[in-house]
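Please look over the sequence and the structure shown below before reading on. The report then takes up a few topics in turn, beginning with the aromatic rings.

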Amino acid sequence: MKQTTAILITIGDELLIGQVIDTNSSWMASRLNETGISVIKRIALGDNADDIVSTLNKEFKNADIILITGGLGPTSDDITKDVLCKYFDGRYVVNNKALLNVKHLFENIYKKPVTAVNLKQAEVPDVCKVIQNERGSAPGMIFRKEKTIIISMPGVPYEMQGMMDQVLPYLEKEFRTPFIFHKTVLTTGIGESAIAELLVTFERRLPAGIRLAYLPNHGMVRLRLSASGFDKIQTKRMIEDQFEQMKKQVKDYIVTDEDETIEVVLGNLLLKNNKTIATAESCTGGAIAALLTSVPGSSRYFEGSVVSYSYKVKESLLGVLPETLLSFGAVSEQTALEMLDGVLNKINSDFAIAVSGILGPDGGTPDKPVGTVWVAVGSKGRQKTQLFHLRFNRKKNTEVITNAAINLMRVFMLEEN
């Protein structure tokens, strides 16, 4: 049976000059893939009517679905709606539901008078099916050109994502899509090329219809098996069997066999053991605390953080001894351990993470070059330290050490058990 395909078109000059990053395409592609729709192409266009028309003429026969985002706002540079109205030989009519929505937004939410420009948002081509916008003022539109469905949505990610909750069920009714299954394992302690070498034979023997993806990020590698098929039971059984075989190959490096992040893994471990955690951060500037608290429900185990960037704060809030800083420096195992003791005593959590280092681009010395970071984890009764030598820019170094510190804490807790 033929695979249902889609092309994504994002519209806006701001995308082409780098002023705005296109997050819509990756988000939509992920959701479409979950539905069994394969994205075969992504196209970015500026606010140019001729380019939009020529692209539609060229691409509409190449996919079953074309999803367009951007250009539906009320300003003069938002031309997508006008282009589509003309392209499909339509004329504007007022959609009553969209009109009520615009009036409600401005009168009750924004507390501003409704202008004629705002009211035009409720005008749509009479040849489209309207998608109501529950998160904004610009409605979406569904058109047909021969056998292809063309859908136009706002470029604002929050509004587009809300609209996709209506679009996906519509597409599922229009097309018979295969069942899609993903199984993911998160690994650490081994690089992408090394783990790929480990899985060469396994990957070569994968049945048709199952794909293995390597997704490296911040010192970890996520391995994702994907399978699609129209027989749900058979497809699910096939991918689960292969997933168990893959886990045996990488068992020494597995963090979790669920599709979850390292901060979620540590949070679940803390909840399971009814324990709490705090952080003492220097070079990471609170990034570890931010990542841990990005998890819903983290208030059940995260107590707090001390961002001790200066010597003064390390001494006054965490009790790091002046002679420790003088003799060993802020970036040292001794300082990291005293920061750990200090935050455990100050916040009285069960566990803590302490980090001090040089993330760059400058500040390094011959004996402590840029990328030198000490991490200490532990409790009042036991501590563990590790020295890291990172090689990236400041942003990447921060991301890598944040994940590494959380993982070191995870390993420490497992050793405790």
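## Aromatic pairs

How many aromatic pairs does the count come to? In this predicted model, the count comes to 4 aromatic pairs. One of them is formed by Phe88 and Phe143, which are stacked, with 4.4 Å centre to centre and 5° between the planes. This pair links distant parts of the chain, since Phe88 is in the loop between H4 and strand S4 (92–94) while Phe143 is in strand S7, 55 residues apart. Phe88 counts as buried because its relative accessibility is 13%, and Phe143 counts as buried because its relative accessibility is 1%.

Another aromatic pair, that of Phe106 and Tyr110, is edge-to-face, with 5.0 Å centre to centre and 90° between the planes. Phe106 has a relative accessible area of 11% and is therefore buried, whereas Tyr110 has a relative accessible area of 39% and is therefore partly exposed. Ring pairs also link Tyr87, Phe88 and Phe143 into a cluster.

## The open sheet

The model contains an open sheet of 6 strands, in which the order is S2-S1-S3-S8-S7-S6 and the pairing is mixed. Its edge strands, each of which pairs on one side only, are strand S2 (38–45) and strand S6 (129–131). On average, and with direction ignored, neighbouring strands of this sheet are turned by 20° against each other.

Strand S1 (residues 5–11) pairs with S2 in the parallel sense over 7 bridges. Within S2, Arg42 is the bridge partner of Leu8.

## Helices across the strands

Helix H3 (residues 49–59) lies across S1, S2, strand S3 (65–69), strand S7 (140–145) and strand S8 (148–153), and it runs at about 160° to S2. Helix H4 (residues 80–87) lies across S1, S3, S7 and S8, and it runs at about 30° to S7.

## Packing of H13 and H15

Two packed helices are described by the angle between their axes and by the distance between the axes. For helix H13 (residues 311–318) and helix H15 (residues 333–347), the angle is about 45° and the axes are 9 Å apart. H13 is therefore oblique to H15.

On the side of H13, the contact is made by Lys314, Leu317 and Leu318, and on the side of H15 by Thr335, Glu338, Met339, Gly342, Val343 and Lys346. Sorted by class, the contact of H13 with H15 has 4 nonpolar, 2 polar and 3 charged residues.

Conventions
Residues numbered from 1 in each chain as written. Predicted model: local features only at pLDDT ≥ 70, side-chain atom pairs only at ≥ 80, totals over all residues. Heavy atoms only, no water. Axes fitted to C-alpha atoms, helices over the stretch in contact; angles between N-to-C directions. Helix = DSSP H or I, 4+ residues; strand = E, 2+ residues; numbered from the N terminus. Parallel < 35°, antiparallel > 145°, perpendicular 65-115°, else oblique. Contact = heavy atoms within 4.5 Å. Nonpolar A, V, L, I, M, F, W, Y, C, P; charged D, E, K, R; others polar. Pairing = 2+ DSSP bridges. Phe/Tyr/Trp six-rings, centres within 6.5 Å; stacked < 30°, edge-to-face > 60°. Buried < 20%, exposed > 50% of the residue type's maximum accessible area, 1.4 Å probe, protein only.
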